[in-house]
Amino acid sequence: MVCGGILNGYEKFSSPSLLRCLSCGMLFAQQRPSRVELEQLYTRDYFKSGDYQKPGYLDYQYDEMLIKKSFARRLKVIMRFVASGKLLDVGCATGFCLEVAQELGLEPYGVELSSFAASCAQERFGTHVFCGELPQADFPQEWFDVITAWDYIEHVPDPVEAIQHMHALLRTGGILALTTPDASSIVAKLTGARWLGFKEQEHLCYFSRENLAFLLKRIGFSVVSLGTTGKYVDGALIIDRLGHYNALLGRLGQRLLPSTIKKASFYVNPFDIVFVIAKKINN
Ligand SMILES: [Zn+2]
């Protein structure tokens, strides 16, 4: 993958049906879903699962304010490098990032595979939102000033190809910003197979900070910022996630925390999501 081919082969990784590349350490799912299988996964139910145990989001649209706050925080960091112009959000879901980008003065465009989510985004942004896979969208080459891909590359069967497409769509000097679970993070190492970053069916590959930076350089980017990012969540989600790692803490939280705290928003950063900002330096 990142190494560009099968140099030394693969070994089985102890976590849910993953292989680890012996050359670059990248983890990836043994089975790659087809386009039809992806469409069957990213339905309305994915965005409103109603159950923390199911794939996707409990209620993506209910969490609108929290999600937008998280995007605004990241976009303000990006805008230190590019303050205006066209932004493409790849995997834009229902368009929350596009709304925030517009409020901040950027001209937003989106790509989204899920026809349910894309139709929500199209209600507001019309033809600026393409429903399908990135290579099929006919945006002009070198047209965008900023491309964002939040928690996107781990969901696609070929992340290298996806980043190459983003590179082609950016103008020279344009900025790519993306987030993805960091399999080399301390939380991932401490929690092993129970790491919340591991999501069978949904996540098809796992990067480390090192191999993500390596890949971006190989494709033609200069990495200008490599760190972690958190997100705004409510107290109820924090209790649920604590319960995932420690059942007793989860139960205590459920019983003892008042509902005002369960509904309050907190910025949480477990340092296991890598946030990279990279500048296109050549073709
Ligand atoms: Zn490799």
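This is a predicted model: local features need pLDDT of at least 70, side-chain atom pairs count only at pLDDT 80 or more; totals for chains, interfaces and linings use all residues.
Q: Which residue in β3 stands opposite R20?
A: Strand β2 covers residues 18-21, and strand β3 covers residues 27-29. The two run antiparallel and are joined by three bridges. Opposite R20 stands L27.

Q: How many of the residues of strand β4 are buried?
A: Strand β4 spans residues 86-90 and is mostly covered. K86, L88 and V90 point one way from β4. L87 and D89 point the other way, and these are buried too. The count of buried residues in β4 is five of five.

Q: What is the bridge partner of V90 in β5?
A: Strand β5 takes in residues 107-112. It pairs with β4 in the parallel sense over five bridges. The bridge partner of V90 there is V111.

Q: Which residue of β7 is the bridge partner of L88?
A: β4 also pairs with β7. Three bridges join them, and the two run parallel. The partner of L88 is I147.

Q: Near what value is the phi of E142?
A: E142 is found in the loop between β6 (129-131) and β7 (144-150). Most residues other than glycine have a negative phi. E142 is a residue other than glycine, yet its phi is positive. The value is near 55°.

Q: Is E142 buried, partly exposed or exposed?
A: A residue counts as buried at 20 or more other C-beta atoms within 10 Å and as exposed at 12 or fewer. E142 has 14 C-beta neighbours inside 10 Å. E142 therefore counts as partly exposed.

Q: Where does D151 lie, and near what value is its phi?
A: D151 lies in the loop between β7 and α6 (159-169). D151 is partly exposed, because 16 other C-beta atoms are within 10 Å. Its phi is positive, in a residue other than glycine. The value is near 50°.

Q: Which residues does F47 touch, not counting those up to four places away in sequence?
A: F47 is found in helix α2 (residues 44-47). With 19 other C-beta atoms within 10 Å, F47 is partly exposed. The residues that F47 touches are G56, Y57, Y60, Q61, F116 and A117.

Q: What distance separates the C-alpha atoms of F47 and S70?
A: F47 belongs to helix α2. Along the chain, F47 and S70 are 23 residues apart. Their C-alpha atoms are separated by 17 Å.

Q: What is the relative direction of α9 and α10?
A: Helix α9 covers residues 235-245, and helix α10 covers residues 247-256. Their axes come within 5 Å and cross at roughly 155°. Angles over 145 degrees count as roughly antiparallel. So α9 and α10 are roughly antiparallel.

Q: What classes of residue make up the contact of α9 with α10?
A: From α9, I239, D240, L242 and G243 take part. From α10 come A247, L249, G250, R251, G253 and Q254. By class, the contact has four nonpolar, four polar and two charged residues.

How values were computed:
Residues are numbered from 1 along each chain as its sequence is written. Two strands pair if DSSP finds at least two bridges between them. Helices (H or I, at least four residues) and strands (E, at least two) are DSSP runs, numbered from the N terminus. Two residues are in contact if their C-beta atoms, placed from the backbone, lie within 7 Å. Axes are lines fitted to C-alpha atoms, for helices over the stretch in contact, and angles run from 0 to 180 degrees between N-to-C directions. Angles under 35 degrees count as roughly parallel, over 145 as roughly antiparallel, 65 to 115 as roughly perpendicular and the rest as oblique. Ala, Val, Leu, Ile, Met, Phe, Trp, Tyr, Cys and Pro count as nonpolar, Asp, Glu, Lys and Arg as charged, and the others, Gly among them, as polar.
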